[in-house]
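This report walks through one structure for a reader who has not seen it before. The sequence and the model come next, and the description follows.

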Amino acid sequence: VIAPGATLGILGGGQLGRMIALAAASLGLKVHVFSPDEDSPAFDVCHAVTRAPFDDEETLGRFARACDVVTYEFENVPRRAAEIVAALAKLRPNADALAITQDRLAEKTFVSDLGLPTAAFRGVLDEASLAQAVGELGRPSVLKTRRFGYDGKGQAVLRDGSDLAAAFASLSAAPSILEAFVPFEREISIVAARGVDGSFAAWEPVENEHADHILSVSRVPARIDAATADEAASLARRIGDGLDYVGVFAVELFLLTGEAGQRLVVNEIAPRVHNSGHWTIEGAETSQFEQHVRAVCGWPLGSPASRGAVEMRNLIGEQANAWSAVLAEPGAHLHLYGKAEARAGRKMGHVTRVTPRI
Ligand code: AMP
């Protein structure tokens, strides 16, 4: 049994780790952050820090032994590092969930094997298999590296006339996946938690707006009908059960509207707290960060009920320079991640506004 006073380890030290650490401290836990980076947002707010690369197995082992439970805040923690930690400490979510969700081909295969809708997809290893996949799925289609893609990086849209060899080369000829293009109307996500005992709690679906492939605004309520919202929760539950998942995760979804009404297609799973769940800090009874801590400690899950209509706006790059104007606005909740340099495209913070729901 993990009780307040225990140590929660976090693999990764970005803003997600920082906000998990803040929630953990509120619940009386100590947090130990493992990060390969010289300076990490989570370092400012934790009890202990280990700075080492993920392939430093001895240091990883020492870190794991110093923790009562370990979680991760990003999906590119190498599988081997996760397995080393899992052999010495409770690792939640488990290493298999990480391995599946860090590989787009394994992830799409897993989701479609559950009987859930995804874009049609094919694995791509070389130019010949790319040409064959394009023949089968047609154009437009989306070529993505299997690993390490984020915010639209590691992706190329293949249109009529696109040069396949050039597109594959633009992804460094890395093992990839080709997906049929989904003519979606909007992008939705569902953030949910699964407990050690299989308990499940989902926040209401979120509607997401991107700018330059980076999440810009998340809003609840999403403009979806009640049956579609139920469908989102039910597919998240099946994914959580299928991964034997413990903790918070997000499922990114495409919303399509046709003659038969609204329909969802699964795009990807994030095995961690998610940017489209930041609104829950002020906008829900339990934040995604607190919920993640509750789940990985084996504690009861909290209520995901919303507290109003909520808008979460990311502060990207220089947008964070407007911090004092945000502070001057009644009811605007400012979160800054403590990053020194406001580089273009970098998530520096976010602002949440909660208003009464009409
Ligand atoms: P991802 O990295 O998979 O989240 O993709 C980044 C963005 O590219 C998504 O948010 C969509 O806007 C777009 N996208 C990804 N996959 C597809 C697809 N199969 N069809 C249409 N748009 C896509």
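## Packing around helix H2

The buried residues of helix H2 pack against strand E1 (7–11), strand E2 (30–35), strand E3 (48–51), strand E4 (69–72) and helix H3 (79–88). Helices (H or I, at least four residues) and strands (E, at least two) are DSSP runs, numbered from the N terminus. Helix H2 spans residues 57–65, and its buried residues are Thr 59, Leu 60, Gly 61, Phe 63 and Ala 64. Buried means under 20% relative accessible area, exposed means over 50%, and partly exposed lies in between (1.4 Å probe, protein chains only).

This is a predicted model, in which local features need pLDDT of at least 70 and side-chain atom pairs count only at pLDDT 80 or more, while totals for chains, interfaces and linings use all residues. Residues are numbered from 1 along each chain as its sequence is written, and side-chain values use heavy atoms, with hydrogens and water left out.

## Aromatic pairs

A search of the whole structure finds 5 aromatic pairs. Rings of Phe, Tyr and Trp (its six-membered ring) pair if their centres lie within 6.5 Å; planes under 30 degrees apart count as stacked, over 60 as edge-to-face and the rest as tilted. The rings of Phe 184 and Phe 254 are stacked, because their centres are 4.7 Å apart and their planes are at 5°. This pair links distant parts of the chain, 70 residues apart: Phe 184 is in the loop between strand E9 (176–180) and strand E10 (186–194), and Phe 254 is in strand E14 (residues 247–258). Phe 184 has 33% relative accessibility and so counts as partly exposed, whereas Phe 254, at 9%, counts as buried. Ring pairs also join Phe 34, Phe 54, Phe 63 and Phe 74 into a cluster.

## The ligand

Which residues come nearest to the ligand? Of the 14 residues around the ligand, they are Lys 144, Gln 155, Val 182, Glu 187 and Glu 268. A residue is near a molecule if one of its heavy atoms lies within 4 Å of it. The shell divides into 6 nonpolar, 2 polar and 6 charged residues.

| Residue | Atom of the residue | Atom of the ligand | Distance |
|---|---|---|---|
| Arg 104 | polar side-chain atom | oxygen | 3.0 Å |
| Gln 155 | N or O atom in the side chain | oxygen | 2.8 Å |
| Ala 180 | polar backbone atom | nitrogen | 3.0 Å |

Taken alone the ligand exposes 470 Å², and the protein buries 89% of that. Accessible areas come from the Shrake-Rupley method with a 1.4 Å probe. Strand E7 (141–145), E9, E14 and strand E15 (261–270) are the elements that give two or more residues to the shell.

The contacts below mean heavy atoms within 4.5 Å. Thr 228 is found in helix H8 (residues 226–242) and counts as buried at 6% relative accessibility. Leaving aside neighbours within four places in sequence, Thr 228 is in contact with Leu 255, Gln 262 and Leu 264.

Gln 291 lies in helix H10 (residues 288–296) and is buried, with a relative accessible area of 0%. Beyond neighbours within four places in sequence, the contacts of Gln 291 include Trp 203, Val 248 and Leu 301.

Gln 15 lies in helix H1 (residues 15–26) and is buried, with a relative accessible area of 15%. The C-alpha atoms of Gln 15 and Leu 336 are separated by 8.9 Å, although these residues are 321 residues apart along the chain.

Methods
A polar contact is a pair of N or O atoms within 3.5 Å; within protein, one must be able to donate a hydrogen and the other to accept it, and residues adjacent in sequence count only if both atoms are side-chain atoms. Ala, Val, Leu, Ile, Met, Phe, Trp, Tyr, Cys and Pro count as nonpolar, Asp, Glu, Lys and Arg as charged, and the others, Gly among them, as polar.
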